[in-house]
Amino acid sequence: MKVKVCGLKNRENIREIVACRPDFLGFIFYPASPRYVGDTFDARLMRSIPPYINKTGVFVNQDQQTIERVKEKYGLHYVQLHGDEDPALAASLKAKRIHVIKAFRVDDAFDFQTTEPFLASCEYFLFDTKSESYGGSGKKFDWPLLQRFTYTKPFFLSGGIAPGDTESIRAIRHQYLLGIDINSGFEISRGIKDVFQVNEFVN
């Protein structure tokens, strides 16, 4: 089970979380997010992150040129499309050998067949809780809904996951559940993660 820690933006906190050895780190390049890394994020810090940790840039309805520029500047391993992007964008990024994670916002009415146009172009999917904003709601969706997902695409579970959810996560029976994306449930403040809780969760 992989662990992705998302929403990091503080230099010292990033170094502390790196020491926990998660599999993925997520950095938000969406200006409307309270966890937005800003326009002057330290590229040297990003490039000092060990190569066994996959650096992921999170974008919301951003143009391809900007995504490619940010990906190159920070040496990102993955691009996460977290908005209402067209499948053509994911396909175009894949054509340039950029690994794509596509996020979908899930509620009781979500139709998992809407993921089909992205199957060929995305490395992974991510299922988050539908909210008025693009992520960061701190709320869970009904996890049994995942059984409606019948495609052979590995995915991350996201949305309101907290330190006490370990046993509930272990109880999920889906062969394509690749990993867990944690964010607000592990925070001391916006963008600052509780290092002890993250380390416990990873272990």
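Predicted model: local features only at pLDDT ≥ 70, side-chain atom pairs only at ≥ 80, totals over all residues.
Strands E4 and E5 (residues 99-106) run together in the parallel sense, joined by four bridges. To get from E4 to E5, the chain passes through helix H4 (residues 87-95), and this β-α-β crossover is right-handed.

Now look at the other neighbour of E4. Strand E3 (residues 54-59) also pairs with E4 in the parallel sense, over four bridges. Here threonine 56 is the residue opposite tyrosine 78 of E4. Together, E3, helix H3 (residues 64-74) and E4 form a right-handed β-α-β unit.

Here are the two pairings side by side:

| Strand pair | Sense | Bridges | Residues standing opposite |
|---|---|---|---|
| E3 and E4 | parallel | four | threonine 56 and tyrosine 78 |

Which way do the side chains of E4 (residues 78-81) point? Tyr78 and Gln80 point one way, while Val79 and Leu81 point the other way.

Let's step back to the whole protein. It contains six helices and ten strands, and 51% of its 203 residues count as buried. A compact globule with 203 residues would have a radius of gyration near 17 Å, so the 16 Å of this protein agrees with that expectation. Among contacts between residues at least 6 apart in sequence, 57% join residues at least 24 apart. The accessible surface comes to about 9800 Å², and carbon and sulfur atoms account for 47% of that surface.

Conventions: Residues numbered from 1 in each chain as written. Heavy atoms only, no water. Buried < 20%, exposed > 50% of the residue type's maximum accessible area, 1.4 Å probe, protein only. Helix = DSSP H or I, 4+ residues; strand = E, 2+ residues; numbered from the N terminus. Pairing = 2+ DSSP bridges. Right-handed = clockwise from strand over helix to strand, strands pointing away. Rg over C-alpha atoms; globule rule 2.2 N^0.38 Å. Contact = heavy atoms within 4.5 Å. Areas by Shrake-Rupley, 256 points an atom, 1.4 Å probe, with all protein chains shown as cover.
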